[in-house]
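Me: I'd like to go through this one and ask what stands behind each label. Can you show it to me?

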Amino acid sequence: MNQVTINRAITLPMIVTRGLVVFPKTLMHFDMVREKSIKALEQAMKENQLAFLAMQHDMATEDPTPAEVDRIGTVCRVKQIVKMPNGMVRVLVEGMYRAQVVEYTAIKPFISVTVEELKYCYDEEADNARLEALRRRVIAEFQRYSTGNHKINPEVIASLEDIKSHEELTDTVASNLQLRLADKQALLSIVDLPKRMEKLILILCSETEILNLDNAISQKVKQQMDDNQKEYFLREQMKVIQEELGDKDGIGLELKEYRDKLQSLSVPDEVMEKCEKEMNRLQKMQFGNPEAGVIRTYLSWVCDLPWTKSTEENLDLSRAEKILERDHFGLAKVKERILEYLAVKKITGTMAGPILCLVGPPGVGKTSIARSIAESLGRNYVRISLGGIRDEADIRGHRKTYIGSMPGRIIQGMKQAGSQNPLMLFDEIDKMGADYKGDPSAALLEVLDSEQNSRFRDHFLELEYDLSQVLFVATANTLDTVPKPLLDRMEIIELTGYTAEEKMQIAMRHLLPKQREKHGLTTKNFKLSAAALRDMIAFYTRESGVRGLERKIADVCRKADLAIARDGAEIVKVTEKNLTQYLGKKLFSYETVGKQNEVGVVVGLAWTQVGGDTLSVEVNTMPGSGKMELTGQLGDVMKESAKAAMSYVRANAETLCIAPDFYEKLDIHIHVPEGATPKDGPSAGITMATALVSALSGRAVNREVAMTGEITLRGRVLPIGGLKEKTLAAYRAGVKTVLIPWENQKDVEELEAVVKEHVRIIPVRTMDEVLQHALVGNKEV
């Protein structure tokens, strides 16, 4: 009696296939990229090299659930694994037997299932004749199918007679058919062998009819192609006639235009020789040759490049300075460097353009000043965005043997500029990546080397092109991701964030007039007070640049337009008193000094990417066993500064009038408020040391004194950075005195005039000097 038997269960890792059905007794190779599948494969290799393969219903689903996967699949043995680039794995498996899922035992990190083998058992004496008849019919129909489908390997047809097993024969034929996935899965799911063979015969008959229709259609298409071939021969005869007549309207006229254009450009001999070879090839090509289009594209690119054309550089220093000052406020280092370049070139007559890299936070004007530099020098301007580029061919181009190949961005930029000496901006040079296609930053090494770029070779052109007259300017937000060899080829100019006073000037000179014009407003019907602008900078934006400030000004202008258009207002005045009506409640606030001197509370100064800020350090002591607690989301460097301050206080306890055994009897808690904000850096060292001495000695700290500096174990005060931004924050908070490291005196000249006028700057060498200026009064009882 025929029946389906289910053997013992086995637990195996499951690989969910997408658009693939594996039959028993067949070999199949495929690629895997999904993490779950790769982990399941690794688990199979650790155990018995067996895995259960089943197909998902929808190929578009990235992470199918158990309900979205067929329960009947194939237990396979993994024969070979090859790891490919980008994390892809190519695997070769051999189907063993059918099985169905009984239970999902795990979903993560890979799918694990318990499966049972599905096996069809039959009575050889009773069923042998029927199965043999079905077998012969399967072979006959498959031979008919293969006659119309020339993709079937003849060896497969010959090997069918040698297969004794009816099941293996059926699965082998099914695996060699080009069927819809649903039909393949249906054949895999039918366990009853006679029914499966009957289903296969029906499919073979249907597919054979479809193939016959397809072949008939192909025959008609071939007839049409023969007609096209006839047209080709006629065109070739026309070509010969044109040559006899002097080729008045043929390829010769096109080549003559190319030659005339190249001669007018006065290209180098090497370029002319290369183009002559390409034109000779084009002339000898038969009509319809696809490579003719590639050669035409190549010749067009060569003719469009500025081989000898240059713009006359303007060496008027006063004009250049006026243009730079007109368009940008601040950025003194960049402007000075451009004027230096012009001065040297004016005196010597020749000088290669500098290769500058402007580094600074977003919104400070790095990209926009490049256009002003080009205008001040009288050069054409071209911008190349490098953000997200990962392929070396983007810089050097593709070889013209590839379909759709074209030059790299450097040559494209030269064509766009239309001159040999433009200003070329490499925007976001720190955002480039690298993958298996190459490293674009390595390709830029030749471009940015003034000793080599006079002979730059693009893969598409295969000719030397002179880039030595180009003025290269690059921009970056950070240098951490820029390779060291690339940095070595550039002159780094660091741009700090704007101070509040600088933002005020930029808003008054540039942003407000620009937004007024953009929103159709005038100085008569829209007035924004200086005090309101200062409040917008202080309480509605927190950034290094001015992009957010410009958006806030635009927001106010839109509301002014609404008031004029809807409410009929003749004039809109925005002051610090009604600013909240236009921008809502204040988004940020600045810490100010306290109303009285306190013990254990010291005002420190911090630098952030959006400017300076004050930072209170609080210390509390309580009876205990000498534990020290640090809170406020402090970084490792700041924690080490606290430990160094603690060691200094312990070593100098007697001198500081502190009980020598305080570290045995007291617990100390150091906290920096705004605990949700990460903080790090060594510049709070003397601040924490002063707070510790104040808390342990009971002496209050002068509330009008702020400080910044790194501390050593010996009590020396080491220099810090960001002094300009820090002192401005101190002035804004109402601080009267700022203690700075002695070695930072050289930076005092760069401080804002308003800071130097209202804040007393005191350089200190040691902690003794710091405590002398910071602590007031006697020890409290």
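Reply: Let's start with Phe426, which touches Ile384, Leu386, Ile410, Leu444, Val447, Leu448, Phe472, Val473, Ala474 and Thr475, leaving aside residues up to four places away in sequence. Contact here means heavy atoms within 4.5 Å. Mind that this is a predicted model, where local features need pLDDT of at least 70 and side-chain atom pairs count only at pLDDT 80 or more, while totals for chains, interfaces and linings use all residues. Numbering runs from 1 along each chain as its sequence is written, and side-chain values use heavy atoms, without hydrogens and water.

Me: What makes a set of residues a nonpolar core, and which members touch the most others in the largest one?

Reply: A core is a set of buried Ala, Val, Leu, Ile, Met, Phe, Trp, Tyr and Cys residues joined through side-chain atoms within 4.5 Å. The largest has 55 residues, and Phe426, Ile429 and Met490 touch the most other members. Helix α9 (residues 291–304) gives the largest share of this core, seven residues. There's also a second, separate core of 51 residues, with Ala370, Leu549, Cys557 and Val574 among them. Nonpolar side chains tend to be buried together in soluble globular proteins.

Me: Why is Thr172 called buried?

Reply: Buried means under 20% relative accessible area, exposed over 50%, and partly exposed in between (1.4 Å probe, protein chains only). Thr172 has 12%, so Thr172 counts as buried. Thr172 sits in helix α4 (residues 166–175), and its contacts beyond four places in sequence are Thr26, Leu160 and Ile163. Helices (H or I, at least four residues) and strands (E, at least two) are DSSP runs, numbered from the N terminus.

Me: How do you know that β3 and β4 pair?

Reply: Two strands pair if DSSP finds at least two bridges between them. Strand β3 (residues 50–55) and strand β4 (residues 72–83) have four, in the antiparallel sense; Leu53, for one, is bridged to Thr74 in β4. β4 also runs antiparallel to strand β5 (residues 89–106), over eleven bridges.

Me: What makes the lining of the largest cavity nonpolar, polar or charged by class?

Reply: Ala, Val, Leu, Ile, Met, Phe, Trp, Tyr, Cys and Pro count as nonpolar, Asp, Glu, Lys and Arg as charged, and the others, Gly among them, as polar. On that scheme the lining has seven nonpolar, four polar and no charged residues. β3 gives the most, three residues.
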